[in-house]
Amino acid sequence: MTAPAGIPAEIFPPRLVDPELAEVGRRLFAREARFVAGAPTASALPCDTLPEIAFAGRSNVGKSSLVNALTGRRTLARTSNTPGRTRQINFFDLDARLMLVDLPGYGYAEASKTEIKRWTALLRRYLQTRAALRRVCLLIDSRHGIKEVDYPLMHMLDDAGVSYQIVLTKTDELGAGELALIAERIRGAIATQPAAHPEIHLTSALKRRGIVALRSTLASFAVLTAPPTIVAAPARPR
Ligand code: GDP
């Protein structure tokens, strides 16, 4: 009997990643991610042009580090952390195939009530109206699991019917047994959340764990045909 083809993936429950999709993911994320827009208010949201994947999580969860590990560059997260851009929704075009959307980190102790209200309204509007949004990666620190501060977003995603997937960060901090336990606990917690995808990605930006599997999952949402090359027609002789 031959062994099943595939790359063992850091996904809970475990499964193999299709090597072809892993290659598609590798190539896609090797391309340039270009900052296209930042929306501090709902009226500034750009038009939907590409399938979108958004990244969300409380501040300090490891979002910048994970996005850097996925895209292999620092520009994307640095752009999102530029003063003035941290409290807005930032859009990055990945090779005209996928839009990566960085949602502002929540749970800041120092955030004012007005700021929380403004950001909640912006986020709700984005989630409820974005036809192109295919999935939200909800980042959770594997050392802490899902916290109270994560539930308002999970409820918003459920209400808006937006598919989301838990991505555990900083898994290098835990042993295999602890990791299995936390993944199982999270599986129990999301079982009753209608919009939650049952598969949990286990990642470490530091040790580059789970990056191939996450890229493969996200690549499955991308536009696969090459963007058309527009060649100017030669001028006709009059
Ligand atoms: P953000 O606020 O969500 O963008 O989080 P950052 O990416 O800035 O990371 C917050 C902190 O977590 C920093 O001190 C990082 O060094 C640390 N961190 C991020 N990713 C990892 C990881 O994979 N493993 C470990 N051990 N620490 C990490």
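**View 1. Arg208 in the loop between E10 and H7.** Arg208 is partly exposed, with a relative accessible area of 47%; buried means under 20%, exposed over 50%, and partly exposed in between, with a 1.4 Å probe and protein chains only. The model is a predicted one, in which local features need pLDDT of at least 70 and side-chain atom pairs count only at pLDDT 80 or more, while totals for chains, interfaces and linings use all residues. Residues are numbered from 1 along each chain as its sequence is written, and side-chain values use heavy atoms, with hydrogens and water left out. Helices (H or I, at least four residues) and strands (E, at least two) are DSSP runs, numbered from the N terminus. The phi of Arg208 is near 55 degrees, a positive value in a residue other than glycine. Leaving aside neighbours within four places in sequence, Arg208 is in contact (heavy atoms within 4.5 Å) with Ala69 and Arg215. Asp172 is 36 residues away from Arg208 in sequence, and the two C-alpha atoms are 9.3 Å apart in space.

**View 2. Packing of helix H2 (residues 63–71) with helix H7 (residues 211–219).** The two helices pack at an angle of about 80 degrees, and their axes are 10 Å apart. Axes are lines fitted to C-alpha atoms, for helices over the stretch in contact, and angles run from 0 to 180 degrees between N-to-C directions. H2 is therefore roughly perpendicular to H7; angles under 35 degrees count as roughly parallel, over 145 as roughly antiparallel, 65 to 115 as roughly perpendicular and the rest as oblique. H2 contributes Leu66, Ala69 and Leu70 to the contact, and H7 contributes Ile211, Leu214, Arg215 and Leu218. The residues of this contact divide into 6 nonpolar, no polar and 1 charged. Here Ala, Val, Leu, Ile, Met, Phe, Trp, Tyr, Cys and Pro count as nonpolar, Asp, Glu, Lys and Arg as charged, and the others, Gly among them, as polar.

**View 3. Packing of helix H4 (residues 113–129) with helix H5 (residues 151–160).** The angle between H4 and H5 is about 30 degrees, with the axes 9 Å apart, so the two helices are roughly parallel to each other. H4 passes H5 in a right-handed crossing; a crossing is right-handed if the near helix is turned clockwise from the far one by less than a right angle, and left-handed if anticlockwise. Thr120, Leu123, Arg124, Leu127 and Gln128 in H4 meet Leu153, Met156, Leu157 and Ala160 in H5. The contact residues comprise 6 nonpolar, 2 polar and 1 charged. In H5, Leu153, Met154, Met156, Leu157 and Asp158 are buried. The cover over the buried residues of H5 includes E5, H4, E8, E9 and H6. Gly161 follows H5 and has a positive phi, near 70 degrees.

**View 4. Strand E7 (residues 98–102) within the sheet.** The open sheet has 8 strands in the order E2-E10-E9-E8-E5-E7-E6-E4, with mixed pairing; two strands pair if DSSP finds at least two bridges between them. Its edge strands are E2 (11–12) and E4 (33–39), each of which pairs on one side only. In E7, 5 of 5 residues are buried. Leu98, Leu100 and Asp102 point one way from the strand, and Met99 and Val101 the other way. E5 (residues 52–56) runs parallel to E7 and is joined to E7 by 4 bridges, with Ala54 as the bridge partner of Val101. E6 (residues 89–94) pairs with E7 in the antiparallel sense over 5 bridges, and here Phe91 is the bridge partner of Val101. E6 and E7 form a hairpin with 3 residues between them, and Asp95 in the turn has a positive phi of about 55 degrees. E5 is also joined to the parallel strand E8 (residues 133–141) by 5 bridges, and Phe55 stands opposite Cys137 in E8.

**View 5. Backbone geometry at Pro13 and Asn60.** Most residues other than glycine have a negative phi, and most peptide bonds are trans. A cis peptide bond joins Phe12 and Pro13, with omega about -10 degrees. Pro13 is found in the loop between E2 and strand E3 (16–17). Asn60 lies in the loop between E5 and H2, and its phi is positive, near 80 degrees. At 65% relative accessibility, Asn60 counts as exposed.
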